[in-house]
Amino acid sequence: MDHFANITAHLADLELDALLLTNEANRFYASGFHSAGTDGAALVTRRAVYYFTDSRYTEAAGRALPDGVVLREVGRGRGYAALTEEVVQAERLSRVGFEDAYMTVADYERYRKALSCQLVPAAELLWRLRQVKDAEEREAMVAAQRIAERALEDILGEIRPGVTEKEIAARLQYLMLHYGASDMSFDPIVVSGPNGSLPHGVPSEKAIQSGEFVTMDLGCVYHGYCSDMTRTVAVGHVTEEMRAVYETVLAAQAAGIAAARAGVTGRAVDGAARAVIEQAGYGAYFGHSFGHGVGVEIHESPNASPMNETPLPAGAVISAEPGIYLPGRLGVRIEDVILLTEEGCEDITLAPKELLIL
Ligand code: ZN
Ligand code: ZN
């Protein structure tokens, strides 16, 4: 993974001499090398790329960073701001972009005092670049999706009355790591019966009972990229209402997916799914948006939400996850991830989604 050239190519449009990347996800996107939290910084100038980190990472960074990246180590009295200033002086940089959306006030003050250049807010560039996935990123995301699907397939054989939400969540985590994930995209959500009305409920000691829905929202990381998927299954039997809610959510998802393509706004995609839920009389019970961008982070740009009036770009990967949540009674969410193309979209989630009664 090496996206430094994409960044360099945009410096001139933004009238920047360089861009300083301090955010963990952006550093990884740019370099393909992962250093945790605040343990690194990348400085992309029009002439060169620098990566600053500390001695715990130097050897690994040296192996993993793309050819040509200048690696420098922070040390006592020579922190990130000091290393940045050395380049500012050597290359006579006057306008340096920084990630205004992420940098703490304390760090900003530290850089501002240490640097002899102007600091220009530029977080928006990386949001824009990261929206469009290249072939290597798509491949990682499809692989992450396949791993989550294998875990789901195994867990379906283990869900029965008496098993707790927490046990299912623990097994899902184990299975995704077992099948090759490096991490979870987020802690799996497993909610059953009345807990299903909590869209982001935390798995509890509650045992699954016959006649309940079980909603599982899971995703893992592979080669630095996330997957995200939700399936709701029933145990034992379903009522007419459960079936109606499930079929409505499934039809809403299909409508959103049918509307999703590059050039259409996030609002229009969300609206296509929302209309189905509203027509079925459940409009008040679908509180969140249809989808969010997925990539290095589990939630990133662009959103398929009523707020997003911007056309979605080709190459974006977004979730398609309508839900209906009846407070204190039940909930259903079905989530795939889709890749937007000029003609439409490609659903990269293959797990079956017709109503399954275990
Ligand atoms: Zn999800
Ligand atoms: Zn999601």
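**Close-up views of the zinc site and side-chain contacts**

View 1. Asp228 and Glu335 are both buried. Like everything shown in these views, they belong to a predicted model. Which residues hold the zinc ion (ligand 1)? Its protein donors come from Asp217, which gives two OD atoms, from Asp228 through OD and from Glu335 through OE, at 2.0 to 2.6 Å. The angles subtended by the 4 donor atoms run from 55 to 150 degrees, so the arrangement around the zinc ion (ligand 1) is irregular. A tetrahedral label would require all angles to lie between 85 and 135 degrees.

View 2. Asp228 and Glu335 bring together distant parts of the chain, 107 residues apart. Asp228 sits in the loop between β11 (225–226) and β12 (229–234), while Glu335 sits in the loop between β17 (330–333) and β18 (336–340). Along the sequence, the donor residues of the zinc ion (ligand 1) follow the spacing D-x10-D-x106-E.

**View 3. A tilted ring pair, Phe98 and Tyr108.** The whole structure holds 7 aromatic pairs. One of them joins Phe98 and Tyr108, with ring centres 5.2 Å apart and planes at 35 degrees, a tilted pair. Phe98 belongs to strand β5 (residues 95–98) and Tyr108 to helix α5 (residues 105–114), so this contact ties together parts 10 residues apart in sequence. Phe98 counts as buried because its relative accessibility is 7%. Tyr108, with a relative accessible area of 26%, is partly exposed.

**View 4. Further contacts of aromatic rings.** Phe33, Tyr51 and Tyr57 form a cluster linked by ring pairs. A charge meets a ring at Phe286: the charged end of Arg274 sits over this ring, 4.1 Å from its centre.

**View 5. A salt bridge from Glu205 to Lys166.** The count of salt bridges comes to 23. In one of them, the side chains of Glu205 and Lys166 meet at 3.1 Å, N to O. Their positions are 39 residues apart and link distant parts of the chain: Glu205 lies in the loop between β8 (189–192) and β9 (213–218), and Lys166 in helix α8 (residues 165–178).

**View 6. A salt bridge from Arg329 to Glu241.** The closest N and O atoms of Arg329 and Glu241 are 2.4 Å apart in this salt bridge. It links distant parts of the chain, with Arg329 in the loop between β16 (323–326) and β17 and Glu241 in helix α9 (residues 240–259), 88 residues apart. Arg329 is partly exposed, at 45% relative accessibility. Glu241 is partly exposed too, at 30%.

View 7. Arg333 and Glu321 meet through their side chains in a salt bridge of 3.7 Å, N to O. Arg333 lies in strand β17 and Glu321 in the loop between β15 (317–320) and β16, so placed that the pair links distant parts of the chain 12 residues apart. Both Arg333 and Glu321 are buried. Elsewhere, look for Arg130, Lys133, Glu297 and Glu300, which are linked in a network of salt bridges.

How values were computed. Residues numbered from 1 in each chain as written. Chains lettered and ligands numbered in written order. Predicted model: local features only at pLDDT ≥ 70, side-chain atom pairs only at ≥ 80, totals over all residues. Heavy atoms only, no water. Donors = N, O, S within 2.8 Å, 3.2 Å for Na, K, Ca; no water. Tetrahedral: all angles 85-135°; square planar, octahedral: opposite > 155°, others 65-115°. Helix = DSSP H or I, 4+ residues; strand = E, 2+ residues; numbered from the N terminus. Buried < 20%, exposed > 50% of the residue type's maximum accessible area, 1.4 Å probe, protein only. Phe/Tyr/Trp six-rings, centres within 6.5 Å; stacked < 30°, edge-to-face > 60°. Lys NZ or Arg CZ within 6 Å of the ring centre and 35° of its normal. Salt bridge = Lys/Arg side-chain N within 4 Å of Asp/Glu carboxyl O.
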